[in-house]
Protein chains: 2
Amino acid sequence: MVEITRNNFEDKFNEIASQLRSAVFIAVDNEFTGLLSDQDYKSSLFDSGSERYDKLRRNIEHFLVMEVGISAFQFVEDENKYVANTYTFYVFPRSFGSIETKFMCQASSLEFLYQHKFDFNKFVYEGVSYLNCQQEIKLRQELYEGSLFRHLERTISLDDEKLVQSGCSRVAEWCPSAVENDVLSLEYTTYCRGEKRLAYIIHKELRQRFHNIWTFPDTDKVSPNKVSQKQRDQFVDDTSLEDDMMNSLLGFSRIFNLLLELRKPIVGHNLLLDLMIMYNQFHKPLPSQFGVFKEKIHKLFPVVYDTKYLSFELRKLVRREDMWDTNVLSNLYYYFKNGRGKYIVLFSPLVELKERSNSAGSICTFSNFSTNCHFDKLYVDDVDHFHEAGWDSFCTGYCFIKMAHIFAHITCLFLLHSVMDGRLLSSRELLAAAYSRKNRVNLIRASVSHVCLDGPDPPSTRPKWLHVQTRGYIRPIDISKVAELFAKYGIVDVKPFSRYRALVAVGNHTSAKDILCDFYNHRELRVSWYRPLWHSPMLRIATWTTGLMCAYLLYRRR
Amino acid sequence: MVEITRNNFEDKFNEIASQLRSAVFIAVDNEFTGLLSDQDYKSSLFDSGSERYDKLRRNIEHFLVMEVGISAFQFVEDENKYVANTYTFYVFPRSFGSIETKFMCQASSLEFLYQHKFDFNKFVYEGVSYLNCQQEIKLRQELYEGSLFRHLERTISLDDEKLVQSGCSRVAEWCPSAVENDVLSLEYTTYCRGEKRLAYIIHKELRQRFHNIWTFPDTDKVSPNKVSQKQRDQFVDDTSLEDDMMNSLLGFSRIFNLLLELRKPIVGHNLLLDLMIMYNQFHKPLPSQFGVFKEKIHKLFPVVYDTKYLSFELRKLVRREDMWDTNVLSNLYYYFKNGRGKYIVLFSPLVELKERSNSAGSICTFSNFSTNCHFDKLYVDDVDHFHEAGWDSFCTGYCFIKMAHIFAHITCLFLLHSVMDGRLLSSRELLAAAYSRKNRVNLIRASVSHVCLDGPDPPSTRPKWLHVQTRGYIRPIDISKVAELFAKYGIVDVKPFSRYRALVAVGNHTSAKDILCDFYNHRELRVSWYRPLWHSPMLRIATWTTGLMCAYLLYRRR
């Protein structure tokens with residue numbers, strides 16, 4: 001597991017890219033600055049896929065991903081083993097020129113993250129930059145067409161301005177006595193506060209002010225060279241400075257764009273929100289229509305697996321006594337690592353987390369068959385690492401492999417036989433076993449259990465809604481009282497329908513029937529199945545009108 | 001200088017309160033999560049006081065103060081010395097029950113703060129809680145009327161739920177074999193993650209589940225006692241748990257409310273934004289009308305001094321060769337500490353910063369007459385501490401004393417004589433010298449130089465606006481090009497007036513005249529003083545209409 005910040009991003013980029021290229025699948029996880037921007041956007045059993053998308057879209061509009069976990073899983077066939085190269089990227093929206101991001105934080109989300117030891121200083125101080133498509137286009141124009149520099153002069157802080165001026169003064173002192181090809185060194189730490197952004201400004205300022213020098217970018221210094229006019233003319237069209245700045249500001253977007261390019265299967269746990277927030281932050285603003293989003297995300301990531309959805313699917317196949325308690329990620333991970341999940345089928349592949357936080361590059365094995373477990377000191381106690389994006393992405397991939405393996409064996413008799421013959425599953429066969437369940441993404445507390453990214457959403461399997469009204473229309477209905485009365489029946493959502501009536505969505509069929517039964521003779525409330533036509537206000541009006549008309553006609557006839 | 005976090009807030013509260021009570025005046029400074037939420041709300045020379053208030057109000061609606069610096073200045077008469085007790089409070093909007101804050105961050109503001117070594121982990125991990133008036137009322141109801149606990153059960157996280165359950169299990173094991181007055185200890189660190197919030201929930205849960213125990217709050221543990229029903233009945237109405245929780249969540253608001261109660265002079269540097277954001281965050285939502293805000297803030301803080309405003313006033317009295325370069329806080333501070341500001345008048349009082357970050361409580365003297373300067377190791381290089389709220393509040397108070405002292409001597413001959421007689425200025429006399437300049441708050445880049453919190457704002461002293469139009473109405477006017485053309489004349493703001501015309505506000509009279517002169521014969525633009533009636537679109541329409549009417553009448557007569 002390697003932490004990626006702006007201090008090591010460039011050094012690690014090629015390694016990460018090559019790991020991603022050779023991966024069988026890639027697992028992802030994100031940590032956010034917030035989840036719920038408004039109580040109105042809270043999840044509810046009434047939500048269809050499209051309504052949920054709309055709520056989430058409004059929710060996350062201003063929230064950010066602070067930490068992205070990416071695990072690239074490679075298969076080592078002759079050892080029946082998957083090795084995960086896991087990276088935790090801290091990402092921060094660096095401002096530069098006209099690029100400036102405002103984002104929302106939710107206090108309780110930050111408090112949740114501090115319970116899990118999130119390092120907020122690392123986020124701000126060392127977070128890798130990124131740009132979405134719009135910002136990239138804008139910045140390219142500004143950098144290469146030169147309008148940026150004019151803009152920068154207006155926006156850099158007083159302290160930065162002082163640094164730039166001190167660099168210029170240093171060159172002004174040196175320049176008159178320097179001869180051609182003399183070189184001066186302005187250290188990054190002294191003149192640029194160690195920042196590329198400031199180095200770029202100093203380069204541009206020096207080149208503009210001094211017509212007998214040219215500056216060359218270096219790793220840790222700005223180096224003005226005394227040059228002749230002829231030499232300078234050769235350099236003038238050089239854009240390496242701009243290219244370097246662009247690359248540095250693109251930062252994590254280069255990884256994201258690589259993911260898009262590779263089109264490898266993406267695995268996440270309950271990942272609708274992850275997909276949406278990554279689309280919004282690293283790609284383009286979210287489309288307002290769910291259908292359009294599905295189309296676009298499917299084009300970007302053609303194969304997506306949700307381990308939360310898969311766990312619900314697996315539940316249908318596993319014996320009740322072998323079942324896990326809940327399918328939160330940590331629980332599932334321990335279920336497969338230490339619990340009954342180990343014994344469902346044999347020959348489950350090894351899954352190893354490559355540990356490279358220490359230079360030795362030791363390998364950490366978390367598997368049913370582990371014999372050589374070299375935990376890094378930091379990772380002795382797994383519990384502490386949940387909600388760290390890298391760790392969670394590893395666990396997600398771990399669970400995916402274990403579940404896909406069980407699917408392969410339980411559902412495909414052919415494969416079972418081949419295993420019996422001594423042949424183990426290839427990574428292709430493993431992925432093939434999950435393939436029919438691809439692009440299904442779990443929804444929590446909604447009218448449908450999941451959405452399909454590559455087709456229409458499934459019909460709801462929840463019970464029909466209940467219709468609740470106050471008896472005798474004496475008192476208006478009290479929504480929170482109804483919610484309280486029904487709370488003991490499990491997950492229940494209530495929404496007002498009219499002054500005296502409310503609709504209730506119930507989590508499961510047994511609860512719905514229990515409510516109907518228990519409230520059959522309730523003193524204050526009348527509870528029944530909701531029948532849209534029968535209970536529609538229009539029909540009520542029509543009934544009343546017809547009734548009155550009939551009464552009037554009868555009266556007239558008399 | 002003492003850093004206040006939630007770890008030492010309770011221990012330090014009485015000390016801070018007593019320092020505030022005995023202060024002659026109190027200086028404040030704040031560090032924010034952002035300053036500009038939208039380009040439309042950028043400061044402009046067109047802004048009146050009320051327009052600026054409106055912009056700032058919209059700007060800061062969602063930004064937060066993360067760090068509050070408060071310096072309480074006491075006067076030691078026989079030493080002609082002011083001693084500052086300075087506190088830097090980290091404040092974080094702790095969530096609890098239905099109290100939940102969403103707030104905005106501006107990337108460049110966070111980057112600015114990291115340049116000044118701001119500790120974001122301290123903000124989230126250790127920030128002191130606070131509540132505004134609405135939240136306080138809501139929470140009081142919820143805590144004392146019991147609705148909160150129902151709410152909490154629905155919102156606490158899975159991890160927290162597990163901790164609560166483990167506490168309950170521990171008591172369930174212990175309870176059957178315990179005899180009356182037996183005591184069990186549940187350590188905060190084990191069962192409450194060291195958090196008061198969780199301790200409160202465990203207390204309430206235990207009291208509700210076990211009817212033969214009572215729990216007593218302790219500093220670091222929850223202690224269930226086995227009690228008889230009779231004993232329990234005595235405790236049932238006890239609200240010490242709620243009181244303690246309320247106090248802990250009020251946190252910094254208790255300091256803010258003390259400031260309101262004490263009504264001491266408040267000193268800040270360019271403090272309109274500080275006043276607004278403190279009002280919004282610790283008191284009530286900002287009123288939409290500037291007049292109403294002025295009335296309310298004046299009631300809360302009857303005497304306010306702005307050192308930025310004072311520095312402009314002082315500028316009128318100081319000889320040009322004795323003047324400071326710019327009046328940013330750090331500059332002013334060094335001007336009075338080491339620069340020419342030292343020599344303007346004699347007998348300037350000593351100003352000491354009480355250093356208590358080390359246990360010895362050493363005193364650090366920053367003064368013209370300093371002899372015994374015991375800088376804390378941390379504070380050897382002042383430069384590094386600017387934009388740390390506590391340090392800035394100290395420097396603000398420092399400058400205030402120095403300026404008030406000069407005002408006293410330059411403007412009051414009487415005082416000058418008394419000093420000549422050997423009598424030094426009392427703190428009363430010092431404050432009296434600034435009194436006529438109280439409640440004037442500086443505005444940057446606006447049509448007025450300052451606003452008055454206790455009366456109508458002054459008239460503008462800026463030049464009249466300029467009216468710019470394209471010659472011959474051929475091409476629509478290009479606002480950014482006009483801004484660029486005029487940029488070399490200093491601070492200039494341009495806003496569109498119609499398709500072919502723009503208005504220009506210029507920072508000073510010389511620049512305005514220079515522009516008029518230089519653009520007299522410009523090829524493309526016609527520049528003149530803006531005359532509202534003459535240039536009004538209505539008058540243009542009226543002129544055209546009249547012209548056409550006359551032409552028509554002439555035509556008819558022929």
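Two strands are said to pair if DSSP finds at least two bridges between them, and helices (H or I, at least four residues) and strands (E, at least two) are themselves DSSP runs, numbered from the N terminus. The model on your screen is predicted, so local features need pLDDT of at least 70 and side-chain atom pairs count only at pLDDT 80 or more, while totals for chains, interfaces and linings use all residues. Residues are numbered from 1 along each chain as its sequence is written, chains are lettered from A and ligands numbered from 1 in the order in which they are written, and side-chain values use heavy atoms, with hydrogens and water left out.

**Stop 1: where the chains pair**

Select residues 102-106 in chain B, which form strand E5(B), together with E5(A): five bridges join these two strands, which run antiparallel. Within this pairing, look for Lys102(A), which stands opposite Gln106(B). In general, strands of a sheet pair through backbone hydrogen bonds, either parallel or antiparallel.

**Stop 2: the whole interface**

Now select every residue in contact across the two chains, where contact means heavy atoms within 4.5 Å; chain A contributes 40 residues and chain B contributes 40 residues. Buried area is the accessible area (1.4 Å probe) that two parts lose on being put together, summed over both, and between chain A and chain B it is about 3500 Å², with carbon and sulfur atoms giving 51% of it.

Which residue forms a salt bridge with Glu111(A)? It is Arg94(B), with the closest N and O atoms 3.2 Å apart, a salt bridge being a side-chain nitrogen of Lys or Arg within 4 Å of a carboxyl oxygen of Asp or Glu. Across the interface the rule finds two salt bridges.

Colour the elements on the side of chain A that touches chain B, and you will find that those giving two or more residues are strand E5 (102-106), helix H3 (107-115), helix H4 (120-126), helix H6 (147-155) and helix H7 (158-174) of chain A. Among these, H3(A) gives the most, with seven residues.

**Stop 3: the sheet in chain A**

Move to the three strands of chain A that form an open sheet in the order E6-E8-E7, with antiparallel pairing. Strand E6 (186-187) and strand E7 (213-217) of chain A stand at the edges, each with a single partner strand, so one side of each has no neighbour in the sheet. E7(A) pairs with strand E8 (residues 221-226) of chain A over five bridges, and in E8(A) the bridge partner of Thr215(A) is Pro224(A).

Next show the helices that meet this sheet. H7(A) packs on the sheet and touches E6, E7 and E8 of chain A, its direction making about 30° with that of E8(A); axes here are lines fitted to C-alpha atoms, for helices over the stretch in contact, and angles run from 0 to 180 degrees between N-to-C directions. Helix H9 (residues 196-209) of chain A also lies across E6, E7 and E8 of chain A, running at about 165° to E7(A).

**Stop 4: the sheet in chain B**

In chain B, select the open sheet of three strands in the order E6-E8-E7, which has antiparallel pairing. E6(B) and strand E8 (residues 221-226) of chain B pair over two bridges, and Val222(B) in E8(B) is the bridge partner of Leu186(B). Helix H7 (residues 158-174) of chain B lies across E6, E7 and E8 of chain B, at about 30° to E8(B).

**Stop 5: a salt bridge within chain A**

Finally, select Lys122(A) and Glu3(A), which form a salt bridge whose closest N and O atoms are 2.6 Å apart. This pair links distant parts of the chain, with Lys122(A) in helix H4 and Glu3(A) in strand E1 (residues 2-4) of chain A, 119 residues apart.
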